[in-house]
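Please look over the structure shown here before reading on.

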Amino acid sequence: MSSMDLRLDTSGDYYARKFQPTKREDTLILNMGPQHPSTHGVLRILLEIEGEYILRADPVLGYVHRMHEKMGEVMSYPQYYPNPPRTDYLHALAWNWAHVAAVERLMGIEVPERAEYIRVITCELNRITSHLLWWGAYLLDLGAFTPIMYSFDDRERIQDILQRITGSRLTYCYYRFGGVSDDIDDRFVEDTRRHCAVMKERFKMFKSLVTDNFILRKRVEEIGEIPLETCRKYGATGPVLRGSGKAYDVRRAEPYSVYDRFDFNIPAYDTCDAMGRYLVRMDEMQESIKIIEQALDTLPEGDYIHPKAPKRPKPPVGDIYFALEGARGKIGIHLVSDGGKSPYRIKLRAPGYSNLSLFSEVAQGTLISDAVSILGSLDLVIPEIDR
Amino acid sequence: MIEAIEAIPAQFIVIFVGFLAILAFVGLNAVLLVYLERKIAGFIHRRPGPYEVGPHGILQPIADGLKLVGKQIFTPTGADSYLFWLAPMISIAPALVCFIAIPFGPHLQIINTNVGLILILAFTGINVLALCIAGWTSQNKYSLLGAARDISQSVAYEIPLLITVLSVVFMTGTFNLFDIAAGQGAWPWQWYIVYQPLAFVLFFICVLAETNRAPFDLPEAESELTAGFHTEYSGMGFAMFFLAEYAYMVVASCIVAILFLGGFQGPIAPGVWWFLAKVYIVLLVMIWIRWTFPRVRFDQLLNICWKWLIPLAVLNLLITLAVIAL
């Protein structure tokens, strides 16, 4: 064995051997991940490359599989509160909401109007933090270091606001069956209003610093084009679907909570490229601010949790599917109850899983740099995919 | 004893003392640049930057250096350890040689040679070899890709670099750096940047690409190739590459200052201070660019070179020649 042999120890593990059963001399198998700076977490992608061109790509999952679905089956309903937010830690409140609302619908628990408004406000704030982090991390992937510092600046301020009422900064567990755990106060309203005004100014700066940048446009425009047909085939939702031209948003398509009372747009771009997905997220942050401001203006008085909400619910026998719009797409929870104190089966639908599935098809024939750009534009959170 | 010393030609002593001075200069510059880079990055990011070691973190580069010295020297399995450790040395050595021809002031130059510019351009070219060896012997696919990127990038950008330099050389009629600097006046409107604005822009872009600085830092693109050619280097191996990168940046800024910004020429204050001020302004612009722009893609990088820089450089050269001929 020559010391210059680049295939020295590349017989690989099970996945690598399955990816390329017989060795080829003209291509290189590259393991991108699980410890790679731009796979954001422990996603592993097997690439077969020729020069810098990708011939085939295959994601390998399961490095942070934590059995959240199984845990749901053995824990009682309140014990399971903290689990869904820990799947997608960036938009934790949406998962929290999905779990809580599924149980509420199955049991027919009524949620006070004020609680619904609080949920909308906090969930949208959380959506902005999620998109801000994506924005910074995506530009980090593209080689610009500074934007993540600006986005974290704003993100930290929103987290400060949310911390005061929810008690945590990342994996919020704020919603309860029948409402929320604590009421919001005047200071929260005031801080949120002030920060919304600040954010509007910041978006202008983001646009002039980054979105209009010539180099950035060259890196994202006409890169990673995902036709609508591909999105449909793989069940892609959220900004990926809207970036391909279909204005599908669960908040509008199947209105839940009080979303039908607010006036907001569903941004969609039919360029199908990474720029389309980028612009969808940038616009969505501004739409979220619009929703928050409207909700703050019309915030009703009343209970923040239903006074007769059960502490230890035992839903009747039956099943329910509840879906809502997370930062990454359609979050779904299928809950089957056998009447006991813990669910018979709980199925979590992670939008990132469907969005990642189309990567192998889209990445074919692109450069490694483009693959990084495409992967970033899908906005993956690996714990959510692995669950 | 004294006779023995007198028997040594004076030229050797000058070179020996000069090299010691260069080593000190490069070391000090690296310390200063590391601190500046981190502080300016902090300023651009709206954070304080290094603040813990010493007042305002001024001892941070020394702490970094000590950390790197103290790290384990690690050779990856299957790597050719001889070539693997030769590469960082090949990288740093030519950078030091480049300084001997640079006129820091009217009376501060180690060797005033007629081929100063050629010497520097020739020696900076050796860096490609070092990066190539480092990438090839690291036994890492990311390093290999980084080395491949570096070779095609450096080879491509050498061409417009030389052509733009030629247009200044034709204008002055000399390769002697001292004469080029002395040929310019003390005031900004007497500098060659006024006569050769296009050459200045082209040269500066090429310098960014040749020194692997952002937005052209593709050989070490950390989000694509983890760390490119120096992925497997730890401790002093990495420090040598790091030092070499900063040394090349300083050399490049010196050349920009001499060719286009009047070198040591300037009103009132002594020439050395003017020279250092100009070099540091160029360096600051390089740092500023790094913390502002995203990275270009590899094929775009080569497209910029072959489709824009080389034709423009040739055009600039032809215009210069036409003006001289008239």
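In what order do the elements of chain B run from the N terminus on? They run α-α-α-α-α-α-α-α-α-α-α-α-α, that is, chain B has 13 helices and 0 strands, where helices (H or I, at least four residues) and strands (E, at least two) are DSSP runs numbered from the N terminus.

## Basis and confidence

This is a predicted model, in which local features need pLDDT of at least 70 and side-chain atom pairs count only at pLDDT 80 or more, whereas totals for chains, interfaces and linings use all residues. Residues are numbered from 1 along each chain as its sequence is written, and chains are lettered from A and ligands numbered from 1 in the order in which they are written.

The model has an ipTM of 0.81 and a pTM of 0.86. For chain B the mean pLDDT (the predictor's confidence in each residue, from 0 to 100) is 85, with 100% of its residues at 70 or more. Among the elements of chain B, the lowest mean pLDDT, 76, belongs to helix α1(B) (residues 2-7), and the highest, 89, to helix α10(B) (residues 197-210).

## Overall form of chain B

Along the principal axes, its C-alpha atoms fill a box of roughly 60 × 60 × 40 Å.

## A helix pair in chain B

Helix α10(B) packs against helix α13(B) (residues 298-325) at an angle of about 145°, and their axes lie 10 Å apart; axes are lines fitted to C-alpha atoms, for helices over the stretch in contact, and angles run from 0 to 180 degrees between N-to-C directions. From α10(B), the contact (C-beta atoms, placed from the backbone, within 7 Å) is made by L198(B), A199(B), L202(B), I205(B) and C206(B), and from α13(B) by L309(B), L312(B), A313(B) and N316(B). By class, these residues divide into 8 nonpolar, 1 polar and no charged, with Ala, Val, Leu, Ile, Met, Phe, Trp, Tyr, Cys and Pro counted as nonpolar, Asp, Glu, Lys and Arg as charged, and the others, Gly among them, as polar.

## A sheet in chain A

In chain A, 3 strands form an open antiparallel sheet in the order β6-β7-β8, pairing being assigned if DSSP finds at least two bridges between two strands. The edge strands, each of which pairs on one side only, are β6(A) (318-325) and β8(A) (345-349).

Strand β6(A) is joined by 8 bridges to the antiparallel strand β7(A) (residues 330-337); Y321(A) has H334(A) as its bridge partner, and F322(A) has I333(A). These two strands, β6(A) and β7(A), form a hairpin with 4 residues between them, and G329(A) in the turn has a positive phi of about 145°.

## The interface

Across the interface, 29 residues of chain A are in contact with 27 residues of chain B. On the side of chain A that touches chain B, β1 (28-32), α5 (113-141), α6 (146-166), α8 (214-220) and α15 (368-377) of chain A each supply at least two residues, and α8(A) gives the most, with 4 residues. That side of chain A has 17 nonpolar, 7 polar and 5 charged residues.

Terms used:
Contact = placed C-beta atoms within 7 Å.
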